[in-house]
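Welcome! Here is a short tour for anyone meeting this structure for the first time. Please have a look at the sequence and the 3D view, then read on.

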Amino acid sequence: MDLVQKIKKNKFKVGIIGLGYVGLPLALEFSIKNIQVIGFDLDAGKVRKINKEKKSYIKHIPSEKIKKEVNRKTFLATTDFSRIKETDAVIICVPTPLNANREPDLSYVLNSTEEIAKYMRKGQLISLESTTYPGTTDEDILRILEKTGLKVGKDFWLCFSPEREDPNNPHYSTSTIPKVVGGVTEKCTMIGKMIYSKVIDTVVTVSSARAAEATKLLENIYRSINIALVNELKTVFDRMDIDIWEVISAASTKPFGFTPFYPGPGLGGHCIPIDPFYLTWKAREFEISTKFIELAGEVNTSMPYYVVEKVMHAFNKNFKHINGAKILILGLAYKKDIDDIRESPSLKLIELLQDRGAIVDYNDDYVTEIPKLRKYKFNKKSTKITKSNLSKYDLVLLSTDHTYYDYEFILRNSRIIVDTRNAFGKFKSSKIFKA
Ligand SMILES: NC(=O)c1ccc[n+]([C@@H]2O[C@H](COP(=O)([O-])OP(=O)(O)OC[C@H]3O[C@@H](n4cnc5c(N)ncnc54)[C@H](O)[C@@H]3O)[C@@H](O)[C@H]2O)c1
């Protein structure tokens with residue numbers, strides 16, 4: 001039976017490489033629809049959690065969901081890549097970070113492609129979901145896969161389909177977010193669409209893998225630039241004694257031509273601070289510079305420094321200084337109600353405040369201790385928010401506005417508050433300083 005027939009009869013097996021924030025929910029989605037899934041990961045700990053403990057390691061994915069699918073035997077995880085042979089479609093969901101020189105680090109994608117090449121056979125579809133620059137699929141990946149002697153569009157199918165996961169968004173899940181697919185050949189696109197349509201309500205096709213890669217970059221560059229714009233306007237309006245939050249709220253009443261973006265302590269997460277620079281790097285090959293991207297990066301990167309200036313200003317107003325002061329940062333995750341601290345500006349804030357002599361603690365119920373990170377080695381555990389704990393701090397810095405915070409309680413029991421998210425917006429108090 002060829003792949004098209006297998007898909008039509010729901011008799012195909014999916015392999016997902018990389019069981020992280022993107023790969024795990026996607027694997028579960030296929031499994032829920034009664035499609036056999038094998039999840040591949042290098043991390044034996046994650047594989048054990050799924051197969052043996054049947055537990056989740058991502059806050060917004062309930063363990064129950066994993067348990068149900070593993071028990072039904074439609075989903076299993078493995079570190080044994082030879083099982084790629086058993087699958088009909090292989091979807092790559094591995095990290096695409098920047099290296100120390102802020103250049104694309106494609107090593108995870110290339111290593112997993114090498115693994116696929118070792119075990120691939122005729123008739124399989126390979127789909128890349130990791131965010132990357134245009135050309136990754138039809139140049140870098142294709143080169144590795146065709147070294148096997150198999151030919152794309154004839155022996156196997158290859159496409160790019162960007163992930164649009166928005167962790168913890170109550171309105172959208174993996175299956176209800178429309179998905180873009182672009183193949184290396186027309187038939188690759190067609191087969192990619194058929195597979196994704198089994199689990200995604202709306203699949204949108206584009207003419208090539210490159211167009212699909214570029215689509216994802218446009219989406220994330222759009223966000224990075226618009227966030228930079230409001231971050232810059234925040235600093236300008238602040239000097240003019242105008243509240244940016246009030247202005248955004250008023251502008252949002254315009255029913256067309258305006259989409260609100262909100263300022264904050266800086267960009268965070270695995271995507272928006274990183275992805276735009278994949279295009280910057282690739283554009284150099286075409287002798288073109290990406291000025292908007294660089295400028296947005298500069299503005300967003302300067303935000304934690306702006307916040308620290310505001311902290312110093314708040315101390316000054318209270319006849320205190322930062323050196324030796326005790327500061328409690330609220331929220332370590334890069335956005336509210338999640339447990340992801342990758343590129344979180346809160347980490348940069350800890351570093352900058354400590355550099356200036358402050359003694360810094362943090363609270364985040366979703367991140368009970370700070371793991372060892374590539375960039376930072378903080379040995380800290382989350383501090384509970386109690387009346388007596390709050391009274392120990394000279395200043396409370398709200399970095400991430402988790403829903404569980406009782407702002408009224410925090411305001412009542414804190415001495416000075418610096419608020420980067422307008423979380424205390426509805427209160428009038430000389431204790432509050434917006435940053
Ligand atoms: N997290 C998001 O919300 C999000 C949204 C859209 C796009 N993306 C993109 O999706 C991709 C994956 O991101 P993520 O957040 O899921 O990353 P993640 O770090 O949560 O998960 C990646 C997983 O891949 C595994 N891995 C690494 N190398 C491997 C290999 N060679 N073989 C098998 N497994 C390997 C890791 O152990 C890890 O479990 C990235 O390109 C990212 O930019 C992420």
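Let's begin where two helices meet: Val-230, Leu-233, Lys-234 and Phe-237 of helix 8 are in contact with Ile-244, Val-247 and Ile-248 of helix 9. Keep in mind as you explore that this is a predicted model.

**Helix 8 and helix 9**

- Helix 8 covers residues 209–239 and helix 9 covers residues 244–251; the two pack at an angle of about 125°, and their axes are 9 Å apart.
- Because of that angle, helix 8 is oblique to helix 9.
- Sorted by class, the residues in this contact are six nonpolar and one charged, with no polar ones.

**Around the ligand**

- The ligand is surrounded by 27 residues, and the closest are Tyr-21, Val-22, Asp-41, Lys-46 and Thr-96.
- By class, this shell holds 13 nonpolar, seven polar and seven charged residues.

**Polar contacts of the ligand**

- Lys-46, one of the closest residues, has a side-chain N or O atom 2.7 Å from an oxygen atom of the ligand.
- Thr-131 brings in its backbone: a polar atom there is 3.1 Å from a ligand oxygen atom.
- Val-94 also takes part through its backbone, with an N or O atom 3.5 Å from an oxygen atom of the ligand.
- On its own, the ligand has 830 Å² of accessible area, and the protein covers 92% of it.

Notes. Residues numbered from 1 in each chain as written. Predicted model: local features only at pLDDT ≥ 70, side-chain atom pairs only at ≥ 80, totals over all residues. Heavy atoms only, no water. Axes fitted to C-alpha atoms, helices over the stretch in contact; angles between N-to-C directions. Helix = DSSP H or I, 4+ residues; strand = E, 2+ residues; numbered from the N terminus. Parallel < 35°, antiparallel > 145°, perpendicular 65-115°, else oblique. Contact = heavy atoms within 4.5 Å. Nonpolar A, V, L, I, M, F, W, Y, C, P; charged D, E, K, R; others polar. Near = heavy atom within 4 Å. Polar contact = N/O pair within 3.5 Å; in protein donor to acceptor, adjacent residues only side chain to side chain. Areas by Shrake-Rupley, 256 points an atom, 1.4 Å probe, with all protein chains shown as cover.
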